[in-house]
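Subject: Handing over the structure

Dear colleague,

I am passing this structure on to you, and I would be grateful if you could look it over before reading my notes.

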Amino acid sequence: MAVAQRVATPHRKELIVVPYRRVSAAAMATNVVLILLGCFFVLPMLWMLFAAVDSNPDWAIKLPSLTLDNFKDVLARQDAIDSFKASVIVAGTTTVVTAILSVLAAYPLSRMHIPFKRSFMLAVLFCSGLPVSMLIVPVYQMYVYLGWLDSLYTTALFLAASSLPFAIWLMKNFIDAVPAELEHAAAIDGAGTVRILREIVLPLTLPGIAVTAIYTFINAWGAFIVPFVLTYSPENQTGPIEIYNFMGSHGLFKFGDLAVFSLLFSLPVVVLYLFMSRYFSGAFNFGGAVK
Amino acid sequence: MAVAQGLGPRQDRTRFQWSSLVMLAPAVAVLGLLFVFPVVYAGYLGFTNLALVGSRSRDYTFTGLDNVTRMMGDYVFTNGAWLTILFVVGSAIVGQSVLGMLLALLLRNAHFSVRAVVGSVVIVAWVLPEITVALIWYAFSQAGGTLSILLHRPDTDFLVVVPMLIVSIANLWRNVAFSMLVFSAGLRNLPTEVLEAAEVEGASAFRRFRTVVLPLLKPTIVTNLLLVTILNLSEFTLIYAMTQGGPGNETMTLPLYVYQQAFVFHQLGYGTAISLVLVVIGAVFSLLFVRASRTQI
């Protein structure tokens with residue numbers, strides 16, 4: 001009976017894998033299991049939210065006695081402000097450099113005839129799989145030699161280099177998706193490469209550039225080991241290192257301040273992700289990528 | 001002919017243009033200087049006795065396989081290699097993939113409000129900066145933290161008692177959204193006819209999953225395993241911020257040991273050699289997955 005109904009309904013969009021909807025007990029079980037799993041994900045986060053507004057927080061989650069003093073404390077701390085600034089400089093520079101270089105590189109890789117293009121793309125793919133912890137020692141040695149240590153901009157340059165391989169792949173896929181006819185038409189009408197890039201390719205790939213830039217920014221914002229190794233001055237410590245130092249100095253910080261700082265530090269990337277997610281929905285179709 | 005020349009280069013097919021190299025040049029320069037060169041340099045440094053300070057910081061020499069011999073007798077290294085494999089297999093390959101698949105399947109069948117809330121929470125855990133995840137899990141597992149109270153053992157610091165388990169769970173907690181999103185996309189793209197046919201034939205839910213969904217999802221699963229392995233193999237921030245490799249060396253995975261040898265013990269050459277081992281482990285895992293995906297379709 002149920003089967004017959006199902007087959008006779010032509011407008012069903014998708015057939016569920018596990019037919020829980022037919023049995024309400026099973027549907028209940030699905031939702032209950034999911035809610036329990038959801039609790040597992042929410043519980044650790046709640047500590048940060050509650051401790052941030054609690055006047056006397058502890059390691060455990062408890063209902064806060066509400067206060068905004070922790071926020072006032074953190075906003076009055078020079079080291080907290082400095083590390084926020086350092087993070088903005090590092091992540092901002094990384095993002096701008098990566099976005100510009102990846103668009104410039106991805107366009108010819110997508111559209112033009114280049115000798116050894118396939119080998120180049122495979123090399124780029126290989127690079128994106130290499131761990132940063134392998135590169136950090138030789139890069140540190142190079143930075144000592146070049147005198148580039150302890151600068152937010154040279155730190156950002158290395159972060160840009162390490163995020164470039166993936167960004168080039170991402171950008172190339174976005175440009176591949178834009179039909180080439182418009183560019184051909186513009187070229188026949190006499191537009192030069194720069195003009196085609198600026199007036200046709202850039203506007204059409206803007207969502208792709210935004211996704212690449214936001215993805216790079218989120219990664220650079222949270223980057224830890226690279227600034228940790230390449231900078232040492234107190235004023236050059238980015239947010240993650242500030243939080244790490246707070247964590248290590250037992251008793252020298254208040255739980256509430258730590259919670260507020262990490263909350264404020266995490267907020268930008270969560271907001272950016274929400275902003276990006278509507279463009280991002282198609283990015284996870286990996287099926288068939290490896291054959 | 002003369003007319004065609006007057007119009008400039010042909011536009012009906014792509015041909016080599018110097019402008020393409022001009023556009024590629026900046027990216028190639030940055031990648032060459034800060035990616036390719038360090039990789040090649042690492043290949044050399046790994047076989048030297050370079051140190052951060054002292055006489056070996058200037059006149060270091062090529063020492064052949066000395067670093068390899070040293071690793072073989074280095075308990076922290078061999079232990080670290082096992083911990084790394086345990087971490088990648090337990091937390092990433094098994095934990096993250098299985099829980100990710102479970103979430104993807106359950107979310108498809110959940111009430112839409114449950115789906116929206118639980119899905120978002122899992123994704124927020126993934127988007128949070130790693131250091132924030134380290135902090136909240138540090139707080140969660142402290143003596144007097146939420147976990148100890150839930151388990152009625154308020155004096156137990158779980159990062160001391162079962163450190164590897166806690167960092168593995170924290171890592172799983174953070175990264176599971178990635179596998180969940182990959183599998184959700186894969187499930188969405190499955191051909192509905194095949195599933196429908198299996199259901200009409202009366203196959204049970206479990207049987208349909210095992211004999212229809214799993215084989216069809218194989219490319220997605222292999223890609224997921226490959227990416228998850230590569231990403232987790234070099235995991236540093238979360239473990240380091242929570243334990244610094246301790247207590248003892250109980251959570252000293254290879255990425256942490258690279259950092260310790262290179263920047264705490266100042267053994268840049270030996271540290272680089274360990275990072276090369278990490279790359280080899282990654283290559284072995286990748287080859288295994290690619291081979292597995294080829295043979296059994």
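This is a predicted model: local features need pLDDT of at least 70, side-chain atom pairs count only at pLDDT 80 or more; totals for chains, interfaces and linings use all residues.

Residues are numbered from 1 along each chain as its sequence is written, and chains are lettered from A and ligands numbered from 1 in the order in which they are written.

Chain A has 13 helices and zero strands, where helices (H or I, at least four residues) and strands (E, at least two) are DSSP runs numbered from the N terminus. Of its 291 residues, 43% count as buried; a residue is buried if 20 or more other C-beta atoms lie within 10 Å of its own, exposed if 12 or fewer, and partly exposed in between, with C-beta atoms placed from the backbone. Among the contacts in chain A with a separation of 6 or more, 77% are between residues 24 or more positions apart, a contact being two residues whose C-beta atoms, placed from the backbone, lie within 7 Å.

The two chains meet through 91 residues of chain B, which are in contact with 85 residues of chain A. On the side of chain B that touches chain A, helix α2 (residues 18–45) of chain B gives the most, with 15 residues. By class, that side of chain B has 62 nonpolar, 23 polar and six charged residues (Ala, Val, Leu, Ile, Met, Phe, Trp, Tyr, Cys and Pro count as nonpolar, Asp, Glu, Lys and Arg as charged, and the others, Gly among them, as polar).

One pairing between the chains can be described in detail: the axes of helix α6 (residues 132–146) of chain A and α2(B) come within 8 Å and cross at roughly 95°, where axes are lines fitted to C-alpha atoms, for helices over the stretch in contact, and angles run from 0 to 180 degrees between N-to-C directions. That makes α6(A) roughly perpendicular to α2(B), a word used for 65 to 115 degrees, whereas angles under 35 degrees count as roughly parallel, over 145 as roughly antiparallel and the rest as oblique. The residues of this contact divide into 12 nonpolar, no polar and no charged, and they include A:M134 and A:L135 in α6(A), and B:L34 and B:Y41 in α2(B).

The largest nonpolar core has 159 residues, and those with the most contacts inside it are A:V226 and B:M242; such a core is a set of buried Ala, Val, Leu, Ile, Met, Phe, Trp, Tyr and Cys residues joined through C-beta atoms within 7 Å. Helix α7 (residues 152–176) of chain A supplies the largest share of this core, 15 residues. Not counting residues up to four places away in sequence, A:V226 touches A:V132, A:I136, A:T155, A:F158 and A:L159.

B:H152 lies in the loop between α7 (146–150) and α8 (158–161) of chain B and counts as exposed, with 7 C-beta neighbours inside 10 Å. B:H266 is in the loop between α14 (254–264) and α15 (268–295) of chain B, and is partly exposed, with 16 other C-beta atoms within 10 Å.

With kind regards
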